[in-house]
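Please read the following account alongside the sequence and the model. It goes through the domains, the sheets, the ligand surroundings and the database annotations in turn.

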Amino acid sequence: MRIAMIGGGYVGLVSAACFSEFGHEVHVVENNPQRLYALQNGEIPIYEPGLDTLVNTNMRAGRLSFGNNIAAAISDVQAVFIAVGTPPRNGDGHADLQYVYKAADEIAQSLTDYTVIITKSTVPLGTSRKIAERIRQKNPKLDFDIASNPEFLREGNAIGDFMRPDRIIVGTDTAQPERSQNVQAILRTIYRPLSLIEVPILFTNLESAELTKYASNSFLAMKISFINEMADLCDKVGANVHDVARGMGLDKRIGQKFLHPGPGFGGSCFPKDTMALMHIAEEHQAPSRLVEATIKVNETRKTNMASRIIAHCGGSVKNKTLAILGLTFKPETDDMRDAPSLSILQRLDDEGAHIQAFDPVGMETARPLLPHTVRYCSNVTEALTQADAVVILTEWNEFRALPPEFLKTHMRGKIIIDLRNIFDPKTMIEVGLQYYSVGRAD
Ligand code: NAD
Ligand code: UGA
């Protein structure tokens with residue numbers, strides 16, 4: 001099948017590479033000149049494990065190509081995916097749909113033959129129908145259908161998640177049963193290799209598909225905020241949050257995953273999608289107090305984490321040297337969008353700390369976003385040198401593997417503040433370090 005993908009970012013590029021690996025012929029339209037130039041030359045403008053090989057293999061096989069012209073890209077395709085960004089709108093936290101509508105308008109102007117237009121971007125309820133209306137207005141004679149196919153991949157594990165998802169959600173206009181059946185058949189063909197490994201495809205109406213995406217992200221975010229609150233309680237009462245999480249998670253109705261405490265959730269999606277769902281629910285007079293609370297708990301958490309670091313450093317970080325290990329919102333990505341490090345480091349800088357940071361891949365993206373006084377180090381050892389305290393902000397494997405003796409030898413002080421619980425408390429204390437983690441009071 002011939003497919004066009006509008007947007008070559010995290011989702012567009014990974015989806016396009018995986019669809020081409022399925023055997024489809026995929027052309028990606030990317031309008032950022034630097035990103036496009038890199039992609040056309042086989043370079044990957046984002047850090048995502050395995051993506052380089054997958055993209056280059058499929059480019060060489062002639063199944064994956066890149067350009068900036070929507071008209072040329074969609075002239076002879078059967079399906080066009082829209083995978084552009086839907087960031088929070090300046091000021092009010094609603095999803096900003098300007099990129100989606102611009103892409104839809106360009107598609108409307110260029111299509112001549114029957115095509116299915118599929119929203120892969122995360123969009124508020126009703127957006128797929130609005131896209132269809134816009135296209136109908138701009139190109140009244142065009143025969144097309146609209147579908148919603150939200151994406152559930154995680155950064156850092158994107159290819160694995162795309163190739164072996166728990167489910168695929170496809171929303172269609174079920175008010176037109178025949179057309180809906182046809183669209184379902186096209187989407188089944190696109191995802192055929194996954195049906196062979198028995199990945200369920202759930203067909204719904206457009207609104208259910210759009211809401212499933214927001215509801216899933218918000219539920220996971222809520223789960224994280226819940227365990228973060230339990231971690232704080234564990235600290236007070238002498239319980240161990242990992243035992244509690246395991247005990248809870250063994251109940252299959254709860255599940256083990258996304259019960260790891262930390263400095264609060266970040267990234268390009270949980271913060272913006274919880275905010276967008278809160279607004280969507282308000283607009284439809286069905287407010288979600290749980291989603292509102294999740295957002296508030298997470299904001300407070302980041303502030304509390306900065307205060308906790310200051311408290312563990314004896315009540316002040318003024319003129320103290322802090323080694324910060326990890327800046328990205330999670331490991332295996334260079335993405336800094338809404339990373340907890342942004343607000344935490346700002347506060348530590350405001351309080352007069354000297355910050356020496358190291359992140360295996362995120363420092364280039366982080367530099368323009370963090371206080372200009374932050375010193376970027378080329379490795380862990382450099383960050384530890386003369387440090388009074390070490391703060392673990394992201395659980396990169398490279399940090400997990402650090403022997404406690406190594407930390408003790410290379411730093412000046414003894415304080416380790418581990419906001420990701422990557423070290424064993426007993427071992428750290430045995431070598432003479434002052435070790436603080438999250439929700440592990442015993
Ligand atoms: P991104 O910002 O990394 O990528 C979007 C890309 O689209 C950019 O490279 C931009 O230049 C390009 N673009 C914008 N308008 C264009 C146009 N008219 N023509 C061609 N290119 C255009 O965003 P992302 O992280 O890939 O997210 C895309 C969507 O997928 C969002 O709605 C997001 O919520 C959703 N999503 C993201 C993830 C994730 O892990 N990042 C996971 C699931 C869903
Ligand atoms: C998340 C979802 O997991 C994906 O299913 C979804 O497709 C994506 O958002 C999206 O819509 O963009 P992602 O943000 O890439 O994926 O990464 P996650 O692994 O979900 O982590 C998000 C944040 O939660 C990170 O800051 C992470 O550190 C934090 N987290 C995660 C915890 O604090 N504890 C956990 O147990 C899990």
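The paragraphs below describe the parts of this structure.

This is a predicted model, in which local features need pLDDT of at least 70, side-chain atom pairs count only at pLDDT 80 or more, and totals for chains, interfaces and linings use all residues. Residues are numbered from 1 along each chain as its sequence is written, while chains are lettered from A and ligands numbered from 1 in the order in which they are written.

The protein chain is assigned domain 1 (2–199), domain 2 (215–296) and domain 3 (303–436); such bounds come from an automatic or database domain assignment. The centres of domain 1 and domain 3, taken over C-alpha atoms, are separated by 38 Å. Seven residues of domain 1 are in contact with seven residues of domain 3, contact meaning that the C-beta atoms, placed from the backbone, lie within 7 Å. On the domain 1 side that touches domain 3 there are three nonpolar, two polar and two charged residues. In these classes, Ala, Val, Leu, Ile, Met, Phe, Trp, Tyr, Cys and Pro count as nonpolar, Asp, Glu, Lys and Arg as charged, and the others, Gly among them, as polar.

Next come the sheets. Helices (H or I, at least four residues) and strands (E, at least two) are DSSP runs, numbered from the N terminus, and two strands pair if DSSP finds at least two bridges between them. One open sheet has eight strands in the order β3-β2-β1-β4-β5-β6-β7-β8, with mixed pairing. Its edges are β3 (64–67) and β8 (201–205), each with a single partner strand, so one side of each is left without a neighbour in the sheet. On average, neighbouring strands of this sheet are turned by 25° against each other, direction ignored. Strand β2 (residues 25–29) pairs with β3 in the parallel sense over four bridges, and Leu64 in β3 is the bridge partner of Val26. Helix α10 (residues 206–237) lies across β6 (144–148), β7 (168–172) and β8, and runs at about 145° to β7. Axes here are lines fitted to C-alpha atoms, for helices over the stretch in contact, and angles run from 0 to 180 degrees between N-to-C directions.

Another open sheet has six strands in the order β11-β10-β9-β12-β13-β14, with parallel pairing. Its edge strands, β11 (375–376) and β14 (434–436), each pair on one side only. Strands β12 (residues 389–392) and β13 (residues 415–418) are joined in the parallel sense over four bridges, where Val390 has Ile416 of β13 as its bridge partner.

Two ligands can now be placed. Ligand 1 is surrounded by 26 residues, the closest being Gly7, Gly9, Gly85, Ser121 and Thr122; a residue is near a molecule if its C-beta atom, placed from the backbone, lies within 6 Å of it. The shell around ligand 1 divides into 10 nonpolar, 11 polar and five charged residues, and α1 (10–21) and α5 (98–110) each supply at least two of its residues. Around ligand 2 there are 21 residues, with Glu155, His260, Phe265, Gly267 and Cys269 the closest. Both domain 1 and domain 2 give residues to this shell, so ligand 2 lies between them. Helix α10 gives the most to the shell around ligand 2, with three residues.

The UniProt annotation "binding site" (unreviewed entry) covers residues including Glu155, Lys213, His260 and Lys330. The annotated residues span 179 residues in sequence, and the farthest two C-alpha atoms are 23.5 Å apart, so they do not all gather at one spot. Lys213 is placed in helix α10. UniProt positions are given in the numbering used here, feature names are shortened, and annotations may be inferred rather than shown by experiment.

How values were computed. Two residues are in contact if their C-beta atoms, placed from the backbone, lie within 7 Å.
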